[in-house]
Amino acid sequence: MAIFNKIVLCATTTQLIAGVWRLGNLQSSHEFSSDPKGYEAFVRFLAQHDNTRLYMLVDAVEEDYQQDYLPHTRGSARREMLARKLNHGYRNATFKAAHFIERQKDKRKDDRFIYVALTKSDFLQPWMQAIAAQRMPLAGVYLLSMMSELLLQRMKLKAPHILLSERLNSGLRQTYFHHGRLLISRSAPASPAMQERMAYFYLAETEKTRLYLISQRLVMRDTPIKMVLADIDDTSRQICRHISQEQNLECVSEDLKVLAKSLGLNPELLTRHPELMHMHLLATGELPVNLAPASYTRHYQVGNVARSIHLASVLTLLGGFVAATYIGQQAAQTLQQTREAGQETRMQEQKYREVAKNFPQTPIPSTDLRAAVETARKLELYAQTPQAAMQALSEALQAQPDMQIHRMRWLNTPDITIRDDKAEGVSSGPAQATPADAQLSDTSVLHQLVFVEGEVAGFNGDYRAALVRVNQLAEKLRSLPQVAWVEVLQEPVNVSSYTRLQGSTTDAVSAVSMAADFKLKFILRQPEGAQ
């Protein structure tokens, strides 16, 4: 399927190399010459791999690199500033980009960038036109030298100054790295005459590169530079020894075939196309900075949106399937539990019918039995005793031991206006008030009503003090939570205007012998549950 395939292209001024990767493995490689026949063959190749993502590497002499320091910015401000810099420096270049290197550690902490561009891209246009004609999803255009930075990381080489020399089909490419970051790269075509004098060619080009680095003030004359030769045959080792002797540089040789084997690439393919190493890294590793404008990659962007929509649809469908499966399992479990509960219910009903066969016959309907049981329960709520009233009175008398009780009458009656039926020798007092509480006025329930008679012990004729003591007892009763209403029926002094005056004001003995009698009436609150 095309979604799992990648096509990586490597274009030079003389040819185009195409490799097809599936799931990170190289499936096939093809070579197309830069002539009409090669262009036609490339179109047929694209037709065979319709809708497959393309990645274009470029290896050319017409490359330019410039360093720059910009104020630290982010987002749209950075993009606009970089766009102005690129348009100013490479106004006529189609393929250009800014590559972030690092942020400086000085006080300003500026951002360090390297501007890269193809100053001449005529050789690339026929290939790009064929890609556009087939509407192929082109991810981007990348410089082969930018992949050398990733190649250096895979070699695990570390030094402040490294000059990587690679022998490719286009010639000798030398790339300078400062602390692992690419700063410049140059390519020198090798003529047929130089193929026989490869050691001299390496020496001459290395000296040119070194002088260029000094002119750009990237290194000093005494800066130690580590020379790394990417080796695909045994000739590089001899050249490395020759460079160490002539240029007084530390030179090491790295076998690319060993690295290719560790990366899952056939080492023998590098003999014909050394560029396949960079193409393989692009197909399986990170992408470098893209030089192509948005007009060249619009089909790829549209494809990304379509793939995102398809992925979201698949995930939604998968989520729905998982949710439906889970709900179905829950429904099956609920149905099974319902069936088990139904079976259990039928078993219990069967047991009940078997037991009910031995029940004695009753002439009374079940509804009447239920009403009788409810009536009995309600009667239990109304089966009151004087205990609660006696406890309330005892609690009120604890703070007044001088109050002596002679008589207590307890009634359980719906009529709270009832009078005390003891009338012999005792005045009934003033007319009794009626409580305003609606619950106490309800004649459908029984209320606990209590009459209390007593006297103030140790009375010495001070009626005012006796009256205060009786009122204190009444207030104490009112403060109890189980008491709903309290009334003083008789005070220790007869204040009625209807009472006949008798006796002598000079008879002190008769005044002392009089008793401070009183009479109270209080009603208890209904117990909870009694209706």
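Modeller: A residue counts as buried under 20% relative accessible area, as exposed over 50%, and as partly exposed in between (1.4 Å probe, protein chains only). This is a predicted model, in which local features need pLDDT of at least 70 and side-chain atom pairs count only at pLDDT 80 or more, while totals for chains, interfaces and linings use all residues. Residues are numbered from 1 along each chain as its sequence is written, and side-chain values use heavy atoms, with hydrogens and water left out.

Biologist: Why is Arg-135 called exposed?

Modeller: Arg-135 has a relative accessible area of 58%, and the class requires over 50%; Arg-135 is therefore exposed. Arg-135 lies in the loop between α3 (125–133) and β8 (138–143), where helices (H or I, at least four residues) and strands (E, at least two) are DSSP runs numbered from the N terminus. Its phi is near 55°, a positive value in a residue other than glycine.

Biologist: Is Asn-51 buried or exposed, and how do you know?

Modeller: The relative accessible area of Asn-51 is 52%, so Asn-51 is exposed. Asn-51 also has a positive phi, of about 65°, although it is not a glycine. Its place is the loop between α1 (36–48) and β4 (53–58).

Biologist: What makes the pair Cys-240 and Cys-251 a disulfide?

Modeller: The S to S distance from Cys-240 to Cys-251 is 2.2 Å, and a disulfide is a pair of cysteine sulfur atoms within 2.5 Å; the pair therefore qualifies. The pair links distant parts of the chain, with Cys-240 in helix α7 (residues 235–247) and Cys-251 in strand β13 (residues 250–255), 11 residues apart. The structure holds 1 disulfide.

Biologist: Why is the disulfide of Cys-240 and Cys-251 called left-handed?

Modeller: The torsion about the S-S bond is about -135°, so the disulfide is left-handed. As for accessibility, Cys-240 is buried because its value is 4%, and Cys-251 is buried because its value is 14%. A further cysteine, Cys-10, counts as buried at 1%.

Biologist: What makes a space in the model a cavity, and how many are counted?

Modeller: On a 1 Å grid over the protein atoms alone, a cavity is a set of points where a 1.4 Å probe fits but cannot get out, whereas a pocket is an open set with protein on both sides within 12 Å along at least five of seven lines; lining residues have an atom within 4 Å of a point. By this rule there are 2 cavities of 30 Å³ or more. The second largest cavity has a volume of about 40 Å³, a volume being the space filled by probe spheres set on the points, which are joined across faces, edges and corners.

Biologist: Which residues line the second largest cavity?

Modeller: Its lining is formed by Glu-166, Arg-167, Leu-168, Ala-230, Ile-232, Leu-256, Pro-274 and His-278. Strand β9 (residues 161–168) gives the largest share, 3 residues. The lining divides into 5 nonpolar, 1 polar and 2 charged residues, where Ala, Val, Leu, Ile, Met, Phe, Trp, Tyr, Cys and Pro count as nonpolar, Asp, Glu, Lys and Arg as charged, and the others, Gly among them, as polar.

Biologist: Which residues are closest to the centre of the second largest pocket?

Modeller: The second largest pocket holds about 290 Å³ of space. Of its 11 lining residues, Ile-3, Asn-51, Gly-303, Arg-307 and His-310 are the closest to the centre. Helix α11 (residues 298–356) supplies the largest share of the lining, 6 residues.

Biologist: What makes the link between the side chains of Glu-205 and Arg-186 a polar contact?

Modeller: The distance is 3.0 Å, and a polar contact is a pair of N or O atoms within 3.5 Å; within protein, one must be able to donate a hydrogen and the other to accept it, and residues adjacent in sequence count only if both atoms are side-chain atoms. The pair therefore falls within the limit. Glu-205 is in helix α6 (residues 198–215) and counts as buried, because its relative accessibility is 7%.

Biologist: Why does Asp-420 count as buried, and which side chains does it join?

Modeller: Asp-420 counts as buried because its relative accessibility is 12%. Its side chain makes a polar contact of 3.0 Å with that of Arg-409 and one of 2.7 Å with that of Lys-519. Asp-420 is placed in the loop between β14 (403–413) and β15 (447–456).
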